[in-house]
Amino acid sequence: MSGIEELIKEVKRLKKEKNAIILGHNYMEYGVQLVSDFTGDSYDLAVKAMRTNADIIVFAGVHFMAEQASALNPDKKVLTPDPEAGCSLSDALDVKTLKKFKEEYPRAPVVLYINTSIYVKALADYIVTSSTAVKIVNKIDSDVILFGPDANLANYVEKKTGKKLIKVPPNGRCIVHANYTRKMVEIVRKEHPNALLLAHPEAPQEIIESADFVGSTNQMIEFSRKISSNEFIVATELGMINALQIQVPGKTFHPFVTMERCACARCPYMAMITLDKVKRSLEEEVFEVKVPRDVADKAKEAFERTIKALQE
Ligand code: 13P
Ligand code: SF4
């Protein structure tokens, strides 16, 4: 048995022994996706976290995701394999800045991307993801809406809904997608002329405009599974290729950029979550993510309001 196979076997044994589940984001490295009970996008995993009977949740994703899972499950033990795994978008908006915007626009509903700290989320009316932002903004009956922290997602939502959003802050960006350029599109289109281009809404407008499909990581899986085309270029974080290869076998997926062309290809935070660290997390029950109850309750309320609005 190879080292990785042994590691996978041990992680599976530990999961059983501790009645634990692993929730893995679609950007995770291959081995982490293999041991995950559920893989998905940020919305999907947040809902899965809410519905589990497990005693322990190991969140194989970045910190704001584990925080969200902990806020939704205050009585469960939620673990992150690496507490340093942050997110540039989450860093882009703090409580003080959001409070200032709220004072300036006291009647404006606050719609926040899930890529925010739980303390910031506690000040939101709605918590959206790339798969739900357009639907929620469409439902809000207000001319003034505060939306943050991803300016690219805000631009995309504005285009899709025809509504004007006030960006909080004006220029929050994901350090992966923000580096994508039109030149990169030209190069990759030339290399794979028959492939469809899938793009994440965190990408700049010029990429969105040239894409054949725009959606969250789960929506990319669904789209490539259903459509008859067999070849795709994937304009999002490099780990997504793992999810697509596992879940849509028999089709070909090319990265939009590789690490040789741009260090931005892989999210440095997502890359911190390795199979070794997932095993240690389960074994030693580290690192627990705890959220103060009052903060968790407020964030949970905003998330539940969002789910309710999506079902209406
Ligand atoms: P989704 O998986 O929700 O599309 O989000 C991508 C992302 O960047 C998470 O950090
Ligand atoms: Fe944050 Fe971008 Fe990394 Fe996602 S890919 S965790 S948005 S920095």
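A cavity, on a 1 Å grid over the protein atoms alone, is a set of points where a 1.4 Å probe fits but cannot get out, while a pocket is an open set with protein on both sides within 12 Å along at least five of seven lines; lining residues have an atom within 4 Å of a point. Grid points are joined across faces, edges and corners, and a volume is the space filled by probe spheres set on the points.

Hello everyone, and some ground rules before we look inside. This is a predicted model, where local features need pLDDT of at least 70 and side-chain atom pairs count only at pLDDT 80 or more, though totals for chains, interfaces and linings use all residues. Residues are numbered from 1 along each chain as its sequence is written, chains are lettered from A and ligands numbered from 1 in the order in which they are written, and side-chain values use heavy atoms, with hydrogens and water left out.

So, how many cavities of 30 Å³ or more are there? The count is 1, and the largest cavity holds about 240 Å³ of space. Of its 28 lining residues, the closest to the centre are Tyr27, Phe64, Asn115, Glu202 and Met270. Helix H4 (63-72) and H5 each give at least two residues to that lining; helices (H or I, at least four residues) and strands (E, at least two) are DSSP runs, numbered from the N terminus. By class, the cavity lining splits into 13 nonpolar, 12 polar and 3 charged residues. Here Ala, Val, Leu, Ile, Met, Phe, Trp, Tyr, Cys and Pro count as nonpolar, Asp, Glu, Lys and Arg as charged, and the others, Gly among them, as polar.

Now the largest pocket, with about 190 Å³ of space. Helix H3 (42-51) and helix H12 (217-226) are the elements that give two or more residues to its lining. Among the lining residues are Asp41, Tyr43, Lys135, Asn218 and Glu222. The pocket lining has 3 nonpolar, 5 polar and 4 charged residues.

Next, please find strand E9 (residues 196-199). Leu196 and Leu198 point one way, Leu197 and Ala199 the other, and all are buried, meaning under 20% relative accessible area, with exposed over 50% and partly exposed in between (1.4 Å probe, protein chains only). In a regular strand, side chains alternate between the two faces of the sheet. Strands pair if DSSP finds at least two bridges between them. E9 pairs in the parallel sense with strand E11 (residues 231-235) over 4 bridges, and leucine 198 stands opposite valine 234 there. E9 also pairs in the parallel sense with strand E10 (residues 213-214), over 2 bridges, with valine 214 as the bridge partner of alanine 199.

On to a loop residue: is aspartate 82 buried or exposed? Aspartate 82 sits in the loop between strand E4 (77-79) and helix H5 (88-91) and is buried because its relative accessible area is 11%. Leaving aside residues up to four places away in sequence, aspartate 82 touches Met272, Ile273, Lys277 and Phe287, where contact means heavy atoms within 4.5 Å.

Phenylalanine 287 lies in the loop between helix H14 (275-284) and helix H15 (293-311). In that loop we also find glutamate 285, whose phi is near 55°, a positive value in a residue other than glycine.
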